[in-house]
Amino acid sequence: MKRALYLLSGGLSGFFIVLIMLIILAQIIGRMMGFIVPSAEDFSGYALAASTFFGLAYTFREGGHIRVNLAIQRLPESLQRPLETLVLTLAFLLLCFCSYYCTYMVWESYDFEEVTHGYIPIPLWIPQVPLAIGMIAFNLAVLDSLIDNIRGITPHYKQLEGEDASLELIEDPDEATAPQASSKERAK
């Protein structure tokens, strides 16, 4: 179920990127044919915000966020997990704060019946909902990794770090350019 949540979050992020493309394409075709698409810039901006926030949880889970782990990698194994737990705990607390206030912002916009300024006025809470949902999903992704780390399970984003170019290859360029053993030699 967790995997489905992250995939849904990433899928919604991709959907809103496609929506931006369609809005801009409609605007270009409209200008060529002599009409404008009202509030196209506004809707593109809302879709960009939705894409960004929906993409947070999926990107975190897949190890796509920039993490400065050079210092953590240099620490002894016995200190790496507690430090990772501390960082994830602080991130979780910060995201709880952000999630609460994003949700409160949506409720406040709904309660005060605020509308957007543009050719097409729409209730402001509608474009704000994806921000709150995306932030909550990101919060759950960090909580999931925090629980895994506390239980002694390597979080999913750390499992994917090994797929990137490692520092050893950068530090020892001779090793990177050395001819690789054939599959028959490795099998022996």
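The model is predicted, with local features requiring pLDDT of at least 70 and side-chain atom pairs pLDDT 80 or more, whereas totals for chains, interfaces and linings use all residues. Residues are numbered from 1 along each chain as its sequence is written, and side-chain values use heavy atoms, without hydrogens and water.

The second largest pocket holds about 160 Å³ of space. A pocket is an open set of points on a 1 Å grid over the protein atoms alone, with protein on both sides within 12 Å along at least five of seven lines, and lining residues have an atom within 4 Å of a point. The lining consists of Phe60, His65, Ile66, Arg67, Glu84, Val87, Leu88, Ala91, Phe138, Val142 and Tyr157. Helices are DSSP runs (H or I, at least four residues) numbered from the N terminus.

The axes of α2 (residues 40-61) and α5 (residues 125-150) come within 8 Å and cross at roughly 10°; axes are lines fitted to C-alpha atoms over the stretch in contact, with angles from 0 to 180 degrees between N-to-C directions. The two helices, α2 and α5, are therefore roughly parallel (angles under 35 degrees). Their contact (heavy atoms within 4.5 Å) includes Phe53, Ala57 and Phe60 of α2 and Phe138, Ala141 and Val142 of α5. By class, the contact of α2 with α5 has 17 nonpolar, two polar and two charged residues.

For α1 (residues 2-33) and α2, the axes come within 7 Å and cross at roughly 160°, which makes α1 roughly antiparallel to α2 (over 145 degrees). The contact of α1 with α2 has 17 nonpolar, seven polar and three charged residues.

The axes of α1 and α5 come within 11 Å and cross at roughly 145°. Lys2, Leu5 and Tyr6 of α1 meet Leu140, Ala141 and Asp144 of α5 in this contact, which has four nonpolar, no polar and two charged residues.

How values were computed:
Angles under 35 degrees count as roughly parallel, over 145 as roughly antiparallel, 65 to 115 as roughly perpendicular and the rest as oblique. Ala, Val, Leu, Ile, Met, Phe, Trp, Tyr, Cys and Pro count as nonpolar, Asp, Glu, Lys and Arg as charged, and the others, Gly among them, as polar. On a 1 Å grid over the protein atoms alone, a cavity is a set of points where a 1.4 Å probe fits but cannot get out, and a pocket is an open set with protein on both sides within 12 Å along at least five of seven lines; lining residues have an atom within 4 Å of a point. Grid points are joined across faces, edges and corners, and a volume is the space filled by probe spheres set on the points.
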